[in-house]
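The entries follow the order in which I looked.

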Amino acid sequence: MSNPFVQLTLVKLREYTREPEAMFWVFVFPVLMTCALGIAFSDSGAAAIRVGVLSPSTSLGAGPSTPLGASAGLVATLDADPRIDATALSPEQAAAQLRDGAIALVVVPGAGGAVGYRFDRTRPESSVARFTVDEVLQRASGRADAFTPADDLVALPGSRYIDWLVPGLLGMNVMMTGLWGIAFSIGMARTKKLIKRLSATPMRRSHFLGAQVAGRLVFLPIEAGVLIVFAHYVFGVPVRGSWLLLSGVVLLGAVSGAALSLFVASRARSFEAISGLINIAIVPMWILSGVFFSSSHFPAAIQPFVQALPLTALNDALRSVMLAGDGFGAIAHEVAILSAWTIVCFGLTLRIFRWQ
């Protein structure tokens, strides 16, 4: 008689290969997202700061003869600086573009050559625009610098946004694919009464649950490899650390996600219930775990919760290995968190899993 674990694993593999949608979300979608975000945040050159200047009819008492009071003069002065892209706008246009983020700052001409700045100080790019524009206008008005600083411009490999993003996309894909794929597979089998029939066979519970994980891991090298290789050769994303350690972190992340998926699906009786439980599990990680922006932005009061999430630990470990070239000692804490999630979720699943 064939081993139940082997046969169930083969069944799981057939489920994946016979579902074109699954192949798209596992292999194609992460590459497309990396490509789109890599182009959007490419380092082909620093973008000019977009600034709006209110037209003369809306200035604060400035006349056309005021040297820097008229909007035409302001636009010409600002456009002469390669860092700035200035445009004359009506009040309605300026308000709409500032609201939509099309411009970072509105320059309001005032009397006697003075100007005012209208911006949202909660937007970092607006604060930068305010100081840059003020510097240009102050110099044009005759202000002299006390000294001329020396700029030492550097481009550090691994410091770009795309470099930081790819490990987060990799971690998200590795963990979320297991969460969705395994949970829904179990839900489908339970809905069709297949699990109830399997319970009458000599198969053990561990055979069934282990096969779900094994079937998921078969495609893991291709899934992770495609994304890493694409990002490396197309966008130059570095892998500074050990490939063996990186593979181990990816494997642990996938197993942890699979364990969490088994736990989520261990009692759910319908697709609706599974979908709700998966959303409860993944939405906090999507938002808090530093996939698209750093988790350090969240308040200190919730940082213990954020750092305890498995996806946070996975993303931090991947970035440490890929970008900083760290060894095992530097990511031991993250490995411990992922291992704890894996052990606890597997243990609870073996206890509470139901066949029907």
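I began with the largest nonpolar core, which has 68 residues, and noted that Leu170, Ile186, Phe208, Leu246, Val250, Met285 and Met322 touch the most other members. A nonpolar core is here a set of buried Ala, Val, Leu, Ile, Met, Phe, Trp, Tyr and Cys residues joined through side-chain atoms within 4.5 Å, and buried means under 20% relative accessible area with a 1.4 Å probe, protein chains only. H6 provides the largest share of this core, 14 residues.

The model is predicted, with local features needing pLDDT of at least 70 and side-chain atom pairs counted only at pLDDT 80 or more, while totals for chains, interfaces and linings use all residues. Residues are numbered from 1 along each chain as its sequence is written, and side-chain values use heavy atoms, without hydrogens and water.

I then turned to helix H9 (residues 220-235) and helix H10 (residues 243-265), which pack at an angle of about 125° with axes 11 Å apart. Axes are lines fitted to C-alpha atoms over the stretch in contact, and angles run from 0 to 180 degrees between N-to-C directions. H9 and H10 are therefore oblique to each other, as angles under 35 degrees count as roughly parallel, over 145 as roughly antiparallel, 65 to 115 as roughly perpendicular and the rest as oblique.

Looking up the contact (heavy atoms within 4.5 Å), I found that Leu220, Ala224 and Ile228 of H9 meet Trp243, Leu246, Val250, Leu251 and Ala254 of H10.

Key
Helix = DSSP H or I, 4+ residues; strand = E, 2+ residues; numbered from the N terminus. Buried < 20%, exposed > 50% of the residue type's maximum accessible area, 1.4 Å probe, protein only.
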